[in-house]
Amino acid sequence: MKLSDREYMETVKVELLKKVDNSYRITIGKGLFPQIVKYIADSNYGKVAVITDTNVSKLYGKKLLSILKAKKVPAELFSFRAGEASKTREVKAKIEDALTLKGFKRDCVVIALGGGVVGDLAGFVASTYMRGVPFIQIPTTLLAMVDSSTGGKTGIDTAYGKNLIGAFYQPETVFIDVELLKSLDRKEMLNGIIEMVKHGIIADKKYFLFMRDNIDRIYKLEEKILIKAIKRSCQIKKEVVEKDEKEKNIRKMLNLGHTIGHAIEKASGYKFSHGISVGMGLVVETKIAERLNMISSIESQRIIDLLTKLDIKIKFSDVDIRDIVKNTLFDKKNTAGKTNYVLPLKVGKVAIDVSVKEKIIFEVLQQST
Ligand SMILES: NC(=O)c1ccc[n+]([C@@H]2O[C@H](COP(=O)([O-])OP(=O)(O)OC[C@H]3O[C@@H](n4cnc5c(N)ncnc54)[C@H](O)[C@@H]3O)[C@@H](O)[C@H]2O)c1
Ligand SMILES: [Zn+2]
């Protein structure tokens with residue numbers, strides 16, 4: 001570039017071309033607390049912050065803390081009121097201040113012990129505290145085990161929507177202990193099961209059929225079956241995340257069932273659980289695919305039969321279909337005014353970025369009532 005006589009400049013280039021290795025291991029088993037404590041003790045962190053919610057604190061937080069202390073690991077418990085309503089900037093700031101007051105420095109580690117709310121919030125705290133400290137996920141709900149603890153999405157909600165502020169920040173490791181599910185109720189189990197079925201539809205027919213044939217054994221927490229299923233879900237999610245960590249393209253496939261699902265959840269004023277809403281979202285999105293001749297009626301029926309078996313049929317009389325359609329238009333995955341869907345092509349294969357007309361959504365929803 002040629003400068004005029006009146007102009008002059010020099011530049012300094014900051015070269016930070018990096019090769020990063022954010023790989024980590026997910027360990028799945030039972031009775032893992034001693035292993036977890038050994039891992040932490042061997043890692044020589046400065047101080048350990050166990051972040052949890054009020055329910056999980058009583059169930060497992062205090063126990064984990066006492067094992068850590070018995071091994072002479074300096075640790076403190078930080079707990080906030082259980083529930084999505086705590087996934088806010090305010091609660092994040094309170095935890096950060098408490099960490100500072102208790103003398104947590106750059107060499108500390110954050111342990112996220114809890115469901116998806118704890119994982120998202122504690123992970124986001126770890127991503128910004130002292131410009132980033134390591135964190136470990138110990139998921140305690142089935143949903144967190146098969147979905148939120150892997151993949152590095154962390155964040156909080158605002159008054160304008162869910163997960164609007166956050167960071168991609170991968171955990172250092174994940175420990176999944178199925179014994180922690182003993183205290184989880186059936187409704188929370190279903191939230192996880194729906195995501196597992198979703199994984200089957202996205203990527204693995206064999207796994208989908210395995211889930212179909214073993215639902216009761218999963219509810220009964222039969223260890224071998226449960227561990228096998230959780231492992232397969234984690235593998236499917238990790239394969240997707242490895243190819244597209246920041247959700248530029250194929251990671252979107254994990255949103256199957258969620259465009260309609262989130263819209264139903266919101267239209268019900270969050271009266272319907274995430275699992276029920278996404279389960280219904282899977283049914284409706286499968287019917288949309290069938291309507292667009294993208295999936296055969298045999299494959300479509302296979303999906304709908306399993307979801308029916310899971311008893312996820314909701315009463316559409318409780319929600320206004322027009323609200324559901326309106327909510328899909330505000331879905332954060334939309335770009336340039338188009339509502340983009342992930343739709344099943346068969347069990348084990350999906351298409352992403354399918355633009356669907358509002359009229360079709362409305363008609364399929366009406367037929368689903
Ligand atoms: N980061 C991601 O990739 C990702 C993916 C999916 C969902 N999420 C987020 O996850 C959150 C939902 O997670 P969730 O369904 O785990 O909800 P949650 O964390 O609110 O847990 C549900 C309830 O179960 C209780 N609980 C947790 N473990 C328990 C146990 N072992 N026994 C008894 N009770 C227990 C909790 O205290 C809470 O009351 C949402 O905020 C969602 O946005 C994140
Ligand atoms: Zn979900």
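Let's start with helix α8, residues 223–243, which lies across β1 and β8 and runs at about 165° to β1. That angle is taken between N-to-C directions, on a scale from 0 to 180 degrees, using lines fitted to C-alpha atoms, for helices over the stretch in contact. Contact here asks that two C-beta atoms, placed from the backbone, lie within 7 Å.

A word on what you are looking at. This is a predicted model, where local features need pLDDT of at least 70 and side-chain atom pairs count only at pLDDT 80 or more, while totals for chains, interfaces and linings use all residues. Residues are numbered from 1 along each chain as its sequence is written, and chains are lettered from A and ligands numbered from 1 in the order in which they are written.

Now, the sheet under that helix. What is the order of its strands? They run β1-β8-β5-β4-β2-β3, an open sheet of 6 strands with parallel pairing; two strands pair if DSSP finds at least two bridges between them. β1 and β3, the latter residues 75–80, are at the edges with a single partner strand each, so one side of each has no neighbour in the sheet. From one strand to the next, the twist averages 15°. For β1, there are 5 bridges to β8, residues 173–177, in the parallel sense, and T27 is opposite F175 in β8. Another helix, α2, lies across β2, β3 and β4, at about 160° to β2.

Let's zoom out. The protein divides into domain 1, 25–183, and domain 2, 187–236 + 248–367; these bounds come from an automatic or database domain assignment. Their C-alpha centres are 28 Å apart, and each domain gives 16 residues to the contact. On the domain 1 side, β1 and α5 (142–148) each give two or more residues, and α5 has the largest share, with 5 residues.

Last, ligand 1. Which residues are closest to ligand 1? They are N55, G115, G116, T141 and S148, out of 30 residues that surround ligand 1, meaning that the C-beta atom, placed from the backbone, lies within 6 Å. Helices α2 and α5 are among the elements that give two or more residues to this shell.

Methods:
Helix = DSSP H or I, 4+ residues; strand = E, 2+ residues; numbered from the N terminus.
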